[in-house]
Amino acid sequence: MGGIADSLLLVSLCGLCTFLTGLSLSAIATNGAMKGGGPYYLIGRALGPEVGVSIGLCFFLGNAVAAALYVLGAVETFLKALPSAGFFTETSTKVNGSVSKPIQTISTHDLQIYGLVVTVILCIIVFGGVKMINRVAPVFLIPVLLSVLCIVIGIFMAKKDDPDTGITGLSADSFKDNWDSMYQNTNSDGIPDRDGKVYWNFNALVGLFFPAVTGIMAGSNRSASLKDTQRSIPVGTLSATLVTTLLYLVSVFLFGAVANREKLLTDRLLTATIAWPFPVVIRVGIILSTLGAALQSLTGAPRLLAAIANDDILPVLNCFRVADTSEPHIATLFTTVICMGCVVIGNLDLITPTVTMFFLLCYSGVNLSCFLLDLLDAPSWRPRWKFHHWLLSLLGALLCVVIMFLISWLFTVVSLALASLIYYYVSIKGKAGDWGDGFKSAYFQLALRSLRSLGAKQVHPKNWYPIPLIFCRPWGKLPENVPCHPKLADFANCMKKKGRGMSIFVNILDGDYHECAEDAKEACKQLDTYINYKNCEGVAEIVVATNMTEGFRGIVQTMGLGNLKPNIVVVRYPEIWRRENLKEIPTRFVGIINDCIVANKAVVIVKGLDEWPNEYQRQYGSIDLYWIVRDGGLMLLLSQLLLTKESFESCKIQVFCIAEEDSDAESLKADVKKFLYDLRLQAEVIVITIKSWDVEGGSQQDDSIEAFNDARKRVASYLAELKEAAKREGTPLMADGKAVVVDEQQVEKFLYTTLKLNTTILRYSRMAAVVLVSLPPPPINHPAYCYMEYMDLLVGNVQRLLM
């Protein structure tokens, strides 16, 4: 139907596709040791386990279905040679509407019966292992070579100008008549019929012919059985591709000139008709060649499935796992069942496009793998096969996609959808592969280039992203095997917009580096497991230092690269600091804040982490901001990020501002509203004057005054101890290992200020989902103990507070 011209184009297109894929396959196969799994192993190691498993399973299905295709082809040839072997009646077939000559057709039931029997026989051979397959291989190969020889001799010896047979011999007139295409309808048996429901065109011929060039993976499918994969695969694959493509091209020329078009269309075994001197050899050769292809598919498909199972990516495939030297019997049975199911369908034209799509999907994966590896040119990319280039691999991948759409856009979409579903399933249920794939290399190079493009200049506010440094050092003991507070990752997720952003979880291991290095690695694994369990985008880092202070200072100075350094330090408020044997907590806590101030890092102190909601606990009410001092908009940003989370999306934002006089309230409120409008932020503005800070009567006043008086007594007692120690030792007033200067009136003022702020928060925001307040910096030369007393007054009775 396609004529000589379209047939040459068809063979050239398919041959070029497989040749380019063979080049890519040769390059990847010679880049290191290749284990079992063939193309799955190559694609998985280059594009990652998800892509490898999705394409590998599709290729497995393609091989299993292809086995059915070859079995049906062999059975059809057998029944054509021996019509009496059929159990069901054959019928005549019309040619273009009239019965010019009875044409025997084969019953679908005969195809099914004989197909199932042949499949079982091939399955038994496969069960015998690779050694048995290698022994019977010559039985399939020698008749094929003999058949080719008989066909070539028969073409040159064909009778000329015999109108009864339609064979003209090698004739220029026949060549000219058969040059152009003449597409038409056929019936379900492929016989031309004006009333036939099947219409053929070039695209349909591509789908029909492409399975003839799908054998290039036969060697790689048996990679585990090859002695030297790095030599055998390139030489065997490319030489077979070139020889068969050349043979196909020559066949198009010879058959286009040896018979008229009607003979070519109606005689489905024209090769046997022409062959000389033994036409029967052709029928035997066709049967054995197709059975040999089926045997290759039934041999390669189970090993491919077993290789996927052995990588332990999908637990559901564990039943197909085998030892390195064992035969994949369970996978072979499963493949045989799929093959039998396709044999029962009994329609070659329905099976062929399905096979073609799966093979093309695999070939495009091989080409893309070589393209990616060649383009990235990682240090580990050193293939022995030098005849490759990323442009050729890209061309091969594009050619595969073009052929897929040429054959059928519907089958293409279905196959891509199936591969996507498998990819999605593997990404959710699968385990991470323990190999370095090309995508990770691409991410690495992309990160380096992005880092260089960011430069060392300060990031513009429009491009600013929060990169929180989550300090996991727990204040007190946590349950065994918990690397940090269980809710810390939940809070870290709330600091990202739609999950975008990176958090760095750090902890400090006290001790000597040489002694604690292994412990640090184990702790890092535990912390990383916790981060993954919480579905938080972040990395874990464990630093060994002689003490926490030195360790934190090293972290805050060196963590990150260029502009990708942490800009927010998140610390849990140490609510247990008053307990015995925890006297070092105030010094460390204040030291962290002071170190962050020196390093120009923002600080977020979280109080009430135990009650912090997870993603399923929806909050109602308000997110209240107490804007005491200018903070660059950090509190506003955090409040907006909280609203993007499901747990806080039902809340509203309230901004509380402090005015000195009542006359300033309206002006301040207008300015803040204008500021929020310019920032595209929705919030209610509430102005509080200093006069309204006076505590009103009631039980709230009594509780606050009692807490204030207790704090005064504790501070006075602490300062008295410091003075007594300084007097006894004859030294200046010392605290936290350094000299301090304490103004008791200023201490009183700080206590009273934090008391009033806490009272205001409790008055207006007792029912708030979360409260944000400016963090007062530690006063210079004040003892850390005094600062902790200020903070305790500030956070008292507030459920969730961010400072």
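Is Glu744 buried, partly exposed or exposed? Glu744 is partly exposed, with a relative accessible area of 44%. Here, buried means under 20% relative accessible area, exposed over 50%, and partly exposed in between (1.4 Å probe, protein chains only).

The model is predicted: local features need pLDDT of at least 70, side-chain atom pairs count only at pLDDT 80 or more, and totals for chains, interfaces and linings use all residues. Residues are numbered from 1 along each chain as its sequence is written, and side-chain values use heavy atoms, with hydrogens and water left out.

**View 1. Lys723 and Glu744 form a salt bridge.** Their N and O atoms are 2.5 Å apart. A salt bridge is a side-chain nitrogen of Lys or Arg within 4 Å of a carboxyl oxygen of Asp or Glu. Lys723 lies in helix α24 and Glu744 in helix α25, so the pair ties together parts 21 residues apart in sequence. Lys723 is partly exposed, at 43% relative accessibility. Helices (H or I, at least four residues) are DSSP runs, numbered from the N terminus.

**View 2. Arg712 and Glu748 form a salt bridge.** The closest N and O atoms are 3.1 Å apart. Arg712 sits in helix α24 (residues 699–729) and Glu748 in helix α25 (residues 744–765), so this pair ties together parts 36 residues apart in sequence. Arg712 is partly exposed, at 36%. Glu748 is partly exposed too, at 31% relative accessibility.

**View 3. Lys521 and Glu518 pair in a salt bridge.** The N to O distance is 3.6 Å. Both residues belong to helix α19 (residues 513–533). Being three residues apart there, they are separated by about one helical turn. Lys521 and Glu518 are exposed. The whole structure holds 15 salt bridges.

**View 4. Helix α1 covers residues 3–29.** At 1.5 Å a residue, its 27 residues should span 39 Å. The expected span is 1.5 Å times one less than the number of residues. The end C-alpha atoms are 38 Å apart, which agrees. Of the 27 residues, 21 are buried, so α1 is largely enclosed by the rest of the structure.

**View 5. A nonpolar surface patch covers about 660 Å².** Its members are Val401, Phe405, Trp409, Leu410, Val413, Val414 and Leu416. Patch residues have over 30% relative accessible area and no salt bridge, with nonpolar side chains (Val, Leu, Ile, Met, Phe, Trp, Tyr) joined within 5 Å. Areas come from the Shrake-Rupley method with a 1.4 Å probe. Helix α16 (409–429) gives the most, with five residues. Val413, in α16, is partly exposed at 42% relative accessibility.

Definitions and conventions. Helices (H or I, at least four residues) and strands (E, at least two) are DSSP runs, numbered from the N terminus. Patches are made of residues with over 30% relative accessible area and no salt bridge: like charges are joined within 9 Å, nonpolar side chains (Val, Leu, Ile, Met, Phe, Trp, Tyr) within 5 Å.
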